[in-house]
Amino acid sequence: MALNPKTRPIEFGGPAGVLGLALGLPIFTVFLNQMVRPDYYIRGFFCNFDFAQLWNGIKPWHYYLTRYDLWTYYTVWFVSLAVMSVILPGKHMQGLPLRDGTKLPYKINGIAISSALALVLSARWTLTGGQMPELQFLYDNHTDICIITILFSLVLSILCYLASFVPLLRGNNGVGTRERILAAPGHTGNCIYDWFLGRELNPRLGPLDVKLFCELRPGMLLWLLINLSCLHHVYLQTGQFNNSLILVNFLQGLYILDGVLNEEGVLSMMDIATDGFGFMLAFGDLTLVPFTYSLQCRYLSVSPLVFSPYHIAAIIAVMTLGFYIFKASNHEKAMFRAGKLPHLKSIKTATGTSLLCDSWWSLSQHTNYFGDWLVSLSWCLATGFQTPLTYYYSAYFATLLLHRQQRDSHKCRSKYGASWQEYESKVPYKIVPYVY
Ligand code: NDP
């Protein structure tokens, strides 16, 4: 069998569909941010919606190409994190086996990088007497920085696409050739489709794995900084820390911290194990995560709420329930796959692995997705009921998880055949137990 079998462009409506997404998603993200600005923000059921406001402040495209200050700041941010990812100490791990029989080495050092960032922020807070001009700059140039990250993702994904045609420069692959290992979904021969889905499975620059790095560092940490910039903005304006903003910062900070503490789990996820690194992931990691996941904080920064302790407790309860389901179900699958829960009911498959159909994994095929979605809902609830716009994240995440479940089902059906059918008959619900 060929190392890189060709596939057909079937996902997302083929080449036309991905072109639509590549154009539509960035415009949508910019418009979303334009609807939450200090000088104009959506109220109620979009009662003050004004189409002209979506364009207000947006400059011609060449303006962004020549915003050298923003390009410099963003490149410094990206490169500093990349350098830290390579040099700071961490755990050395191996990824899942690749088609050539080898496994790639990864360095997992999120704790060291996050600690370094926390140290820098604390030092800056002390040195600037709480003024933190860099956070103010981030807050004031929000939409412009968002557009720079879109262009950056575009450049990065084009470079990765072109590099995927260059034979390996150092050493052979596991089958003794210089061929790069390509991602099955992005090796169709259609350049638009392959660029969008990502042609090479694991683009690397020396020791830096570009896909893992983008997935974990520049976007996730920028999300944290944007949230902090919103809290800080209101603090500078009022001299007080607003409790609804503290709550969202705390809840989302916990989620990010959990991701950092359990980084190695990402190595077996679809994004790392199956998908290539194309515009879809570059844009998702570098723009969509920081500039749409922070929408709740952004909204609260222009329309802050003051919560009662009961309100805070109710929101924390929703987050705790979701987080518990998310963690417990993921942990159970990991323990089962590590052979530590042999007493749980399962289905043996022809590949040698078993499908768990007991405990959390008897309630639905992805109880973990349900828990994760409840977490997203708790963040939206923390914006009160001012406008449905701030519930965008829950709606988006539900769509993402539904699509992911369908992709995963398709993958497992072709991988496990009759065993997957047996599993589906035993565990009929896909995500929400007894509902869907
Ligand atoms: P899952 O953790 O559900 O993993 C699916 C894989 O697990 C399948 O491909 C299959 O892989 C294996 N599997 C499926 N069913 C079983 C079973 N019954 N028993 C044993 N193994 C099974 O999905 P993801 O990797 O997509 O997501 C992991 C976590 O990340 C989730 O909690 C999700 O909510 C979260 N997530 C968060 C995102 C965000 O933006 N915040 C985005 C995406 C995911 P195999 O081939 O090994 O059998």
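Trainee: Where does methionine 132 lie?
Mentor: Methionine 132 lies in the loop between α5, residues 110-127, and α6, residues 133-140. Please keep in mind that this is a predicted model.

Trainee: What is the phi of methionine 132?
Mentor: Its phi is near 40°, a positive value in a residue that is not glycine. Most residues other than glycine have a negative phi.

Trainee: And is methionine 132 buried or exposed?
Mentor: Methionine 132 counts as buried, because its relative accessibility is 4% and the cut-off for buried is under 20%.

Trainee: What about tyrosine 434, where does that one lie?
Mentor: Tyrosine 434 is found in the segment after α19, which covers residues 418-426. Tyrosine 434 has a positive phi too, about 65°, although it is not a glycine.

Trainee: Buried or exposed, for tyrosine 434?
Mentor: Tyrosine 434 counts as exposed, because its relative accessibility is 63% and exposed means over 50%.

Trainee: Changing topic: how is the chain divided?
Mentor: There is a domain 1, residues 14-305, and a domain 2, residues 307-436.

Trainee: How far apart do the centres of the two domains lie?
Mentor: The C-alpha centres of domain 1 and domain 2 are 24 Å apart. Domain 1 gives 35 residues to the contact, and domain 2 gives 27 residues.

Trainee: Now helix α17, how many residues does it have, and how far does it reach?
Mentor: Helix α17 has 15 residues, 367-381. From its first C-alpha to its last it reaches 21 Å, close to the 21 Å expected at 1.5 Å a residue.

Trainee: Why is α17 described as largely enclosed?
Mentor: Of its 15 residues, 13 are buried, so α17 is largely enclosed by the rest of the structure.

Trainee: Next, the second largest pocket. How much space lies in it?
Mentor: The second largest pocket holds about 980 Å³ of space. Its lining has 34 residues, and the closest to the centre of the pocket are Arg180, Pro203, Arg204, Leu205 and Gly206.

Trainee: Which elements give two or more residues to that lining?
Mentor: They are α4 (68-87), α7 (142-163), β5 (204-205) and α9 (210-216).

Trainee: Which of them gives the largest share?
Mentor: The largest share of the lining of the second largest pocket comes from α7, with 5 residues.

Trainee: And how do the lining residues divide into nonpolar, polar and charged?
Mentor: The lining of the second largest pocket has 21 nonpolar, 7 polar and 6 charged residues.

Terms used. Residues are numbered from 1 along each chain as its sequence is written. This is a predicted model: local features need pLDDT of at least 70, side-chain atom pairs count only at pLDDT 80 or more; totals for chains, interfaces and linings use all residues. Side-chain values use heavy atoms; hydrogens and water are left out. On a 1 Å grid over the protein atoms alone, a cavity is a set of points where a 1.4 Å probe fits but cannot get out, and a pocket is an open set with protein on both sides within 12 Å along at least five of seven lines; lining residues have an atom within 4 Å of a point. Grid points are joined across faces, edges and corners, and a volume is the space filled by probe spheres set on the points. Helices (H or I, at least four residues) and strands (E, at least two) are DSSP runs, numbered from the N terminus. Ala, Val, Leu, Ile, Met, Phe, Trp, Tyr, Cys and Pro count as nonpolar, Asp, Glu, Lys and Arg as charged, and the others, Gly among them, as polar. The expected span of a helix is 1.5 Å times one less than its number of residues. Buried means under 20% relative accessible area, exposed over 50%, partly exposed in between (1.4 Å probe, protein chains only). Domain bounds come from an automatic or database domain assignment. Contact means heavy atoms within 4.5 Å.
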